Amino acid sequence: MLRQAMLALSKSRRAERLVTTSPLTADVVRRYVADDIGAVVGDLTRDGLLVSVDHLGEEVNDPAQAEAAVASYVALLDLLPAGSDVSVKLTALGLRQSQRLATTNAATICAAAAGKGVTVTLDAEEHDTVPGLHAVHAALRRDHPDVGVVVQAYLPDSLDRCEKLGGARVRLCKGAYTAPGAYTRPADIDRSFVRCLKILMAGTGYPMVATHDPRLLRIASALAVLAGRDLSGFEYQMLYGVRPDEQARLAGLGARVRVYVPYGSDWYAYLMRRLAERPRNLAFFLRSLASR
Ligand code: FAD
């Protein structure tokens, strides 16, 4: 219930105005969103971690806003070392306006990123954008075979998706939104996650295991060994500000660990999704408001 309420709030313009204009939210925002992206990327990479940077923004209303998002990504590339990744939301590139516009814009980012040795991963968003996401991904793969895509395990067709994504870079996550027909019980989501992982690890692509869940992390590591993958054959991905000790521990064992780092002023919807994931975070958020 609380999760649903938080996700509904993430789409409310009124709540957004209230939260983003309050000076009281700064501490919570800083926990999850990089304020100085160059410095944060520098610190993480010095610690042996890889990064995927998300220039925050989604659901643009017109092509000019989408063009501005492309320009922000292209400028961002100058700050990233080779081997980095950028995470892109297609609704920030005009997917709601047209699939063609989003494909053209994403292709511009892919071409600029390739020139810097940086990869691109397409985030998965609301369920009604998922067919468009995979259509754009398939179109981009013709010229940019290493463009990655996200599969959300809470969707019952996620296994099917994984089977069809042979050879691709695929980030598997539980899913941060709501969707009709989606699994909602944690046990069902976890079971789907493991089924997808088995397909990805046994396949010919590059699995990116995006979870902080200790049990799923252990299962991923075991499945990688069973599939004969060494530590360079897959990677773990975690969010900036979430379980940093575990990120460091896995990297210390020689695993590839990529931290998803969001930055920019359009942080409201992202923050609400993080708070929705964990009621304890919400308490932390409310306490930090009350303590001022
Ligand atoms: P959970 O069961 O939610 O968490 C397991 C444990 O991790 C918790 O017990 C807690 O210790 C810790 N934890 C988890 N979340 C938090 C938090 N917010 N704050 C503090 N501790 C926490 N979702 C999409 O729908 N589309 C995407 O494109 C997408 N990209 C992602 C990229 C990355 C790199 C990651 C890590 C997640 C992404 N997600 C995306 C979000 C994902 O779907 C989940 O909502 C989120 O990762 C929480 O699920 P979990 O697997 O960590 O498991």
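A residue counts as partly exposed when its number of other C-beta atoms within 10 Å falls between the buried cut-off of 20 or more and the exposed cut-off of 12 or fewer. Keep in mind that the model here is a predicted one.

- Glu59 isn't a glycine, yet its phi is positive, at about 55°.
- You'll find Glu59 in the loop that links strand S1 (50-55) to helix H5 (63-77).
- Arg243 is another non-glycine residue with a positive phi, this one near 50°.
- The loop holding Arg243 runs between strand S7 (235-239) and helix H11 (244-252).
- Arg243 has 16 other C-beta atoms within 10 Å, so it is partly exposed.

**H5 against H6**

- The axes of H5 and H6 lie 9 Å apart and the helices pack at an angle of about 10°.
- Angles under 35 degrees count as roughly parallel, and H5 and H6 are therefore roughly parallel to each other.
- Their crossing is right-handed.
- On the H5 side the meeting residues are Pro63, Ala66, Val70, Tyr73, Val74 and Leu77, while H6 brings Leu101, Asn105, Thr108, Ile109, Ala112 and Ala113.
- Sorted by class, the contact of H5 with H6 has 10 nonpolar and 2 polar residues, with no charged ones.

**H6 against H7**

- Helix H6 (residues 99-114) and helix H7 (residues 130-141) have axes that come within 10 Å and cross at roughly 45°.
- That angle makes H6 oblique to H7.
- The H6/H7 crossing is right-handed.
- From H6, the contact uses Gln99, Ala102, Thr103, Ala106, Ala107 and Cys110; from H7 come Gly132, Ala135, Val136, Ala139 and Leu140.
- The class count for H6 with H7 is 8 nonpolar, 3 polar and no charged residues.

**Ala69, inside H5**

- Ala69 belongs to helix H5.
- With 24 other C-beta atoms within 10 Å, Ala69 is buried, because 20 or more is what it takes.
- Leaving aside residues up to four places away in sequence, Ala69 touches His55, Gly57, Val60, Ala92 and Leu93.
- Ala69 and Ser98 sit 29 residues apart in sequence, and their C-alpha atoms are 16 Å apart in space.

**The shell around the ligand**

- The ligand is surrounded by 23 residues, and the closest are Asp123, Cys173, Thr211, His212 and Gln237.
- Strand S4 (148-152), S7 and helix H12 (268-277) each supply at least two residues of this shell.
- S7 provides the largest share, with 3 residues.
- By class, the shell splits into 10 nonpolar, 6 polar and 7 charged residues.

How values were computed:
Residues numbered from 1 in each chain as written. Predicted model: local features only at pLDDT ≥ 70, side-chain atom pairs only at ≥ 80, totals over all residues. Helix = DSSP H or I, 4+ residues; strand = E, 2+ residues; numbered from the N terminus. Axes fitted to C-alpha atoms, helices over the stretch in contact; angles between N-to-C directions. Parallel < 35°, antiparallel > 145°, perpendicular 65-115°, else oblique. Left-handed = near helix turned anticlockwise from the far one by under 90°. Contact = placed C-beta atoms within 7 Å. Nonpolar A, V, L, I, M, F, W, Y, C, P; charged D, E, K, R; others polar. Near = placed C-beta within 6 Å.
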